[in-house]
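Colleague: I am new to this structure and would like to learn how to read it. Could you walk me through it?

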Amino acid sequence: MSSEKIDVRYVAKLARIALTDEEVERFGAQLGDLLEHVNALGALDTSAVPATAQVVESRNVERPDTVVPCLSRETVMAQAPQRQGAFFRVPRIIAEE
Amino acid sequence: MERSLIERTAAEIARGVNRGEHSAAEAVDAALARVGEVEERVGAFLTVLSDDARNRACAIDERVRAGERLPLAGVPLAVKDNMCVTGTRTTCGSRILERWTAPYTATAVRRLEDAGAIVIGKTNLDEFAMGSSCENSALGVTRNPYDLSRVPGGSSGGSAAAVAGYEAAIGIGSDTGGSIREPGAFCNVIGFKPTYGRVSRYGLIAFASSLDQIGPLTRTVEDAALVYDAMAGYDPMDSTSIDRPVEPTAKGLLESLSGLKVGIVRQFDTRELGDDVDEVYDRAYHDLEALGAELHDVSLPTADYGLATYYLIAPAECSSNLARFDGVRYGSRVEAADVQAMYENTRAAGFGPEVKRRILIGTYALSSGYYDAYYVRAQKARTLIARDFEAAFAEVDLIACPAASSPAFTFNAKSDPYSMYMMDYYTIPMSLAGLPALSVPCGWVTPPGGALPLPMGLQFAAPLFSEKLLLGVAHAYESATKHALKHKPEVGARG
């Protein structure tokens, strides 16, 4: 397992969280400590062990393809931070020509 | 002397309502009066639902007058604030959901309401259920009713404190790595995590989906069984809920442990926890023997890797689950000129430090180049931990061990994140294996310099789907020892 330092700014970018310089330093140190603890897993021989994603047996679940009641559009839209009619409003994503 | 309504168990309240000895409205009024009396000191609730609760109580009284008999008739219920209740603010203890109102009700809550229980409020928690003391809540401070200078545990600390402080007869919480069992132990109540998938997670705001499980916090094992019986069972709205019959647990709880084989885990050496704590567990194991159980040494060689495994799997799942909080569809938003900055600033302002730490570690563990080294390796370790339990349960019927590494600690005592994570050392392995487990009061210790005795919890863990056995054993232990009744909370118990 890797013991290299975490590039906290890069990971925060992936996670879409803005960090202050102070947070970069503090979280960097704390995550480094935690990684040292989890690196203990390297001592386990897991070469022949299957991974467990879900403990209790999982199976595909299907339901009949019929229309059933659901939340109304107004209920869903009611708590949007910003909306315009039936749309969630967000900052411009596509640049103007 | 007849006990006041707030001191009665859920079983007693339901019996009283069903027999017409008192009304659901009286039970709810008594609970709300108690909330008014102690809440300033305890701080268990983020939202109290006085009007809704009174209205629902009247509806229950009408149903009972019309001849219905309900297993939880008129029982005041405290719901952890990461479960949805229609029309009610549901915050997860987070700034990002501080003003969000749930448009639907969680299946677990709805089933309890159908059984006659009445939600009196939404309780405090560590933000998004990440923590072991409630100190990670962005929205309030909850104090331990048995010593107000100490934490109630977490993350379901608000529900534990509400029940321990006689503000509600029953509470529900969610347990991902110990979040029901540890606060149960800290607050002198039963904290019960059923088998993964036994209770629907629909309407429970997700933290780590392969581990999260809803369960009761109650003052007696019988009440935990009543709550479980009402909540458990398949739900088409949660595809991971288990589609197999639920054996009712509340009737025929055991009184003796004759012939039962109880495993004591060799790797969990309680001498490391200090003499007074060691003595409590030593006595608890002897008490099990006195009740007829045979004690056997069992080995869980991989359990020591539980924390490392958990702190990869749970953050990985949380980083994925919490991606939905982006300021677009619900929750708070911090405006910015472009959408990337809007996401980043919204999440920076909306999440507290522990949630950010876990999202970052999870994102890292899932990121390109590290996925196999961390996430997949942790999932393989999880297999080994589950196999350890399987091997142990070939020899014994269930396992007894501590529920937490110490009694309730004082505020700000665990400033280093890893020292807080260590609180769940004894509960995480069972979570990773999906097992049913519970914490039951097992004695008291008075810490050096502390004036008040603090409760301790004994954890029982059983094979998958063995809820009936687990609750039965806990009931036999509880009725023989009665540890919970030996001290009253600091906030008193009159009503």
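Modeller: Gladly; we will go through confidence, the sheet, its strands and some helices in turn.

Modeller: This is a predicted model, in which local features need pLDDT of at least 70, side-chain atom pairs count only at pLDDT 80 or more, and totals for chains, interfaces and linings use all residues. Residues are numbered from 1 along each chain as its sequence is written, chains are lettered from A and ligands numbered from 1 in the order in which they are written, and side-chain values use heavy atoms, with hydrogens and water left out.

Colleague: Which average pLDDT does chain A have, and which does chain B have?

Modeller: pLDDT is the predictor's confidence in each residue, from 0 to 100. Chain A averages 90, with 95% of its residues scoring at least 70. Helices (H or I, at least four residues) and strands (E, at least two) are DSSP runs, numbered from the N terminus. The model as a whole scores ipTM 0.94 and pTM 0.97.

Colleague: In what order do the strands of the open sheet in chain B lie?

Modeller: Two strands pair if DSSP finds at least two bridges between them. In chain B, eleven strands form an open sheet with mixed pairing, in the order β1-β3-β2-β4-β6-β5-β10-β11-β9-β7-β8. At the edges stand β1 (45-48) and β8 (294-298) of chain B; each has a single partner strand, so one side of each lacks a neighbour in the sheet. Neighbouring strands are turned by 30° against each other on average, direction ignored. Axes here are lines fitted to C-alpha atoms, for helices over the stretch in contact, and angles run from 0 to 180 degrees between N-to-C directions.

Colleague: Which strands pair with β9(B)?

Modeller: Strand β7 (residues 261-265) of chain B runs parallel to β9(B) and is joined to it by three bridges; B:Gly263 has B:Ile399 as its bridge partner. With strand β11 (residues 454-461) of chain B, β9(B) pairs in the antiparallel sense over four bridges, and there B:Ala400 is partnered by B:Phe460. Strand β9 (residues 398-402) of chain B is mostly covered, with five of its five residues buried. Buried means under 20% relative accessible area, exposed over 50%, and partly exposed in between (1.4 Å probe, protein chains only).

Colleague: What covers the two faces of a strand, and which residues of β4(B) lie on each side?

Modeller: In a regular strand the side chains alternate between the two faces of the sheet. In β4(B), B:Ile170, B:Ile172 and B:Ser174 lie on one side and B:Gly171, B:Gly173 and B:Asp175 on the other, and all are buried. β4(B) pairs with β2(B) in the parallel sense over three bridges, where B:Leu77 stands opposite B:Ile170. With strand β6 (residues 213-218) of chain B, the pairing of β4(B) is antiparallel over six bridges; B:Gly171 has B:Leu217 as its partner.

Colleague: How do I read the packing of two helices?

Modeller: Two packed helices are described by the angle between their axes and the distance between the axes. Helix α9 (residues 306-321) and helix α11 (residues 353-366) of chain B pack at an angle of about 100°, with their axes 7 Å apart. That makes α9(B) roughly perpendicular to α11(B). For the wording, angles under 35 degrees count as roughly parallel, over 145 as roughly antiparallel, 65 to 115 as roughly perpendicular and the rest as oblique. Among the residues making this contact are B:Tyr310 and B:Pro315 of α9(B) and B:Arg358 and B:Ile361 of α11(B). By class, the contact of α9(B) with α11(B) has ten nonpolar, three polar and one charged residues. Ala, Val, Leu, Ile, Met, Phe, Trp, Tyr, Cys and Pro count as nonpolar, Asp, Glu, Lys and Arg as charged, and the others, Gly among them, as polar.

Colleague: Which residues of α11(B) and α12(B) meet?

Modeller: B:Tyr364, B:Ala365 and B:Leu366 in α11(B) meet B:Tyr371, B:Tyr374 and B:Tyr375 in α12(B). This contact has six nonpolar, no polar and no charged residues. The axes of α11(B) and helix α12 (residues 371-393) of chain B come within 7 Å and cross at roughly 110°.

How values were computed
Contact = heavy atoms within 4.5 Å.
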